[in-house]
Amino acid sequence: MLNDIFIAPFADMIAAPDFLMQVLWEGLVSGVLYALIALGFVLIFRSSRIFNFAQGIMVVFAALTLVGLHSFGIPAWISVALTLGVMFVLAVSIERVVLRPLVGQPDIILFMATIGITLFLIGGGEIIFGGENKVMITEELGIPTGDTVLEPFGGLLILQHLDITVVVVACALVAALLAFLNYTQMGRAIRALGDDHQAALSVGISLQTVWVLVWFIAGIIALVTGIAWGARAGVSFALEVIAYKALPVLMLGGLESITGAIIGGLMIGLLEKLFEIYWGQPLLGGNTETWFAFVLALIVLLFRPQGLFGERIIERV
Amino acid sequence: MGDEKDMLYRTAGQFKTSYEADQALFPVRQDAILLAVILACAWVIFPLVASEFVFQTLLIPILIYSLAALGLNILTGFAGQLSLGTAAFMGVGAYACYKMITIMPWMNPIVAILLSGVFSAGIGVAFGIPSLRIKGFYLAIATLAAQFFLVWLFEKWAWLYNYNASGAIQVPNLEMFGVYIAGPQASSIVQYFVVLFIVSLLTLVCINLTRGTLGRTWKATRDMDIAAELIGINLMKSKLTAFAVSSYIVGVAGALFVFMWRGAAEPNLFDIPLSFRILFIAIIGGLGSIMGNYLGAILIVGLPVVLNLVPNALGIPIGSATVEHLNIMIVGSLIVFFLIVEPHGLAQLWRLIREKLIIWPFPH
């Protein structure tokens with residue numbers, strides 16, 4: 001038993017380094033996507049203290065809109081632009097209809113409101129686009145689909161071109177976001193709101209504009225994630241579950257931290273794949289990916305209640 | 001000035017001359033009368049008039065969902081610990097009840113249902129331990145760990161469902177005093193009375209718990225835990241008892257859910273949508289209120305039933321799938337609507353109405 005837990009998995013890893021690299025690569029790809037979704041969460045949480053549960057359904061909704069528009073005969077890239085437009089309209093209407101009347105309510109009320117939005121989008125998406133599984137328009141968007149086979153250590157390592165593209169695009173998007181947040185006026189406004197609401201308002205930063213902006217950014221992230229994940233697994237409401245994965249990423253990294261979201265995402269992507277392949281499948285009957293990330297984050301939180309990179313919690317009576 | 005008949009809810013003139021009278025369960029006579037009317041409806045009138053359809057789609061589920069929401073409300077509304085794992089704890093109750101019934105078939109089913117809560121209370125305390133260090137949304141995500149882990153366990157641990165090929169648990173016929181109270185042969189009215197009995201009993205217990213020392217410690221913890229600690233409240237005891245009591249009630253609700261209503265259960269029945277459903281009920285009903293759970297359950301359970309009937313009644317031909325999706329949309333928008341109009345829930349609406357009634361016909 002102890003051998004199965006502590007020795008055999010590592011022996012397997014050393015015995016087949018090419019397989020280990022394959023596992024790590026796949027973990028990295030999903031980790032990048034988790035990090036991307038978590039970034040959307042963090043931006044919204046920092047600027048409005050809203051724990052946005054609707055992020056997951058926004059991924060599905062964006063992907064469905066894109067595929068749906070294309071199926072009406074609209075060229076792929078114009079569909080992408082139109083989908084971005086839809087996400088912008090969505091951001092504006094969420095801010096106007098839901099968030100503005102709820103300013104200043106307790107956190108849990110705002111959280112519930114985002115669950116309300118989730119239900120609304122699920123119902124709406126099913127009515128407009130239908131619930132059946134759809135194929136992402138990968139080729140029309142010019143995303144490469146072949147694979148490259150490397151032979152490290154005399155073994156076999158298969159890199160899907162799709163996955164490589166995903167990693168590159170996600171990294172570029174993260175870099176662009178960081179540049180936007182650090183070097184532009186609007187980006188600084190977002191960070192200022194995150195640091196201190198009152199102070200930011202008093203120097204003339206518009207709460208409404210920033211909120212629309214962060215929800216729109218979350219929408220862009222949702223579209224990219226939706227394309228990436230949809231190309232791998234098809235577009236359906238099952239995609240929503242990957243958003244649950246972003247929650248432990250946030251916990252691990254800290255709700256306010258952008259660095260935390262990125263590092264947390266990569267860590268969870270890698271570790272859950274490793275655990276599933278080397279411990280979960282042989283010892284626990286598999287499918288441990290549903291809970292591993294949560295339990296890992298829970299254990300980390302027991303030692304650091306604010307997550308790895310979160311703001312230290314200071315409480316006053 | 002109107003005479004007494006005009007003033008339905010006049011509380012003036014009901015003087016309390018002792019502490020006992022002031023601390024009574026119903027210090028206001030009208031509240032007691034109102035409750036008596038509700039109980040009479042529930043125990044006598046509904047069973048006489050309700051059809052099979054009403055029992056199965058409204059009365060029984062409303063009661064069970066209210067009980068689950070009551071359990072969650074103890075934890076979230078009274079003790080301030082947000083939980084997103086309610087459905088998993090319901091599952092623990094249901095599976096515990098199933099195992100007890102199949103290992104000890106001679107066991108009285110009602111006793112088994114009430115005991116099954118003990119198991120979920122134990123698991124609840126275990127997952128409540130992180131609450132001593134983790135707060136707010138971090139804790140909410142930690143309870144999601146319970147949610148996903150337990151549902152996975154229900155699926156993988158074959159002993160729990162007696163190695164059935166289907167992986168589901170099936171409620172056997174259970175007899176008490178010569179009457180079937182659970183399983184395919186039980187009649188709805190008997191099940192309704194069993195559910196009503198347990199729900200009434202636990203509600204009474206909860207009302208008294210939340211009024212007493214324990215309830216006050218919970219509320220102090222909720223309002224500000226550091227301040228509560230400074231005035232001498234043992235936070236560990238307060239939080240863990242809240243987890244225990246809450247999970248107990250939720251577990252019993254889970255056992256009722258499967259044994260008195262669904263008749264069978266697969267692991268994914270206890271998945272996250274059920275947790276959210278119960279959270280909706282608790283929040284729309286009103287956090288920190290006991291009656292709110294019933295109002296919330298009536299709304300959330302009753303609304304889809306009504307919405308399903310409307311297109312038929314109007315003769316509009318809509319596919320059942322579309323109706324279902326429309327339902328989801330409408331429930332989603334109603335949640336947002338209620339949160340905007342009355343963030344403190346339906347219970348607060350009733351409180352406002354009651355205040356108006358007390359001073360009626362005067363505006364102030």
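Leaving aside neighbours within four places in sequence, A:Val23 is in contact with A:Lys273, A:Leu274 and A:Ile277 in this chain, as taken from a predicted model.

The buried residues concerned are A:Asp163, A:Val166 and A:Ala170. Helix H6 of chain A comprises 23 residues, 161-183, which at 1.5 Å a residue should span 33 Å, and the 32 Å found between its end C-alpha atoms agrees with that expectation.

The contact between the chains takes 37 residues from chain A and 33 residues from chain B. On the side of chain A that touches chain B, helix H5 (107-129), helix H10 (241-253) and helix H12 (292-303) of chain A each supply at least two residues, and the largest share, 14 residues, comes from H5(A). By class, the residues on this side of chain A divide into 28 nonpolar, 7 polar and 2 charged.

Two of these helices of chain A, H10(A) and H12(A), also pack against each other, with axes that come within 9 Å and cross at roughly 15°; H10(A) is therefore roughly parallel to H12(A), given that angles under 35 degrees are counted in that class. The crossing in which H10(A) passes H12(A) is left-handed. In this packing, A:Lys245, A:Pro248, A:Met251 and A:Leu252 of H10(A) meet A:Ala293, A:Phe294, A:Leu296, A:Ala297, A:Val300 and A:Leu301 of H12(A), and the residues of the contact comprise 9 nonpolar, no polar and 1 charged.

In chain B, the axes of helix H5 (residues 109-128) and helix H10 (residues 235-262) come within 6 Å and cross at roughly 135°, so that H5(B) and H10(B) are oblique to each other. H5(B) passes H10(B) in a right-handed crossing, and the contact of H5(B) with H10(B) has, by class, 17 nonpolar, 9 polar and 1 charged residues.

Methods
Residues are numbered from 1 along each chain as its sequence is written. Chains are lettered from A and ligands numbered from 1 in the order in which they are written. This is a predicted model: local features need pLDDT of at least 70, side-chain atom pairs count only at pLDDT 80 or more; totals for chains, interfaces and linings use all residues. Helices (H or I, at least four residues) and strands (E, at least two) are DSSP runs, numbered from the N terminus. The expected span of a helix is 1.5 Å times one less than its number of residues. A residue is buried if 20 or more other C-beta atoms lie within 10 Å of its own, exposed if 12 or fewer, and partly exposed in between; C-beta atoms are placed from the backbone. Two residues are in contact if their C-beta atoms, placed from the backbone, lie within 7 Å. Ala, Val, Leu, Ile, Met, Phe, Trp, Tyr, Cys and Pro count as nonpolar, Asp, Glu, Lys and Arg as charged, and the others, Gly among them, as polar. Axes are lines fitted to C-alpha atoms, for helices over the stretch in contact, and angles run from 0 to 180 degrees between N-to-C directions. Angles under 35 degrees count as roughly parallel, over 145 as roughly antiparallel, 65 to 115 as roughly perpendicular and the rest as oblique. A crossing is left-handed if the near helix is turned anticlockwise from the far one by less than a right angle, and right-handed if clockwise.
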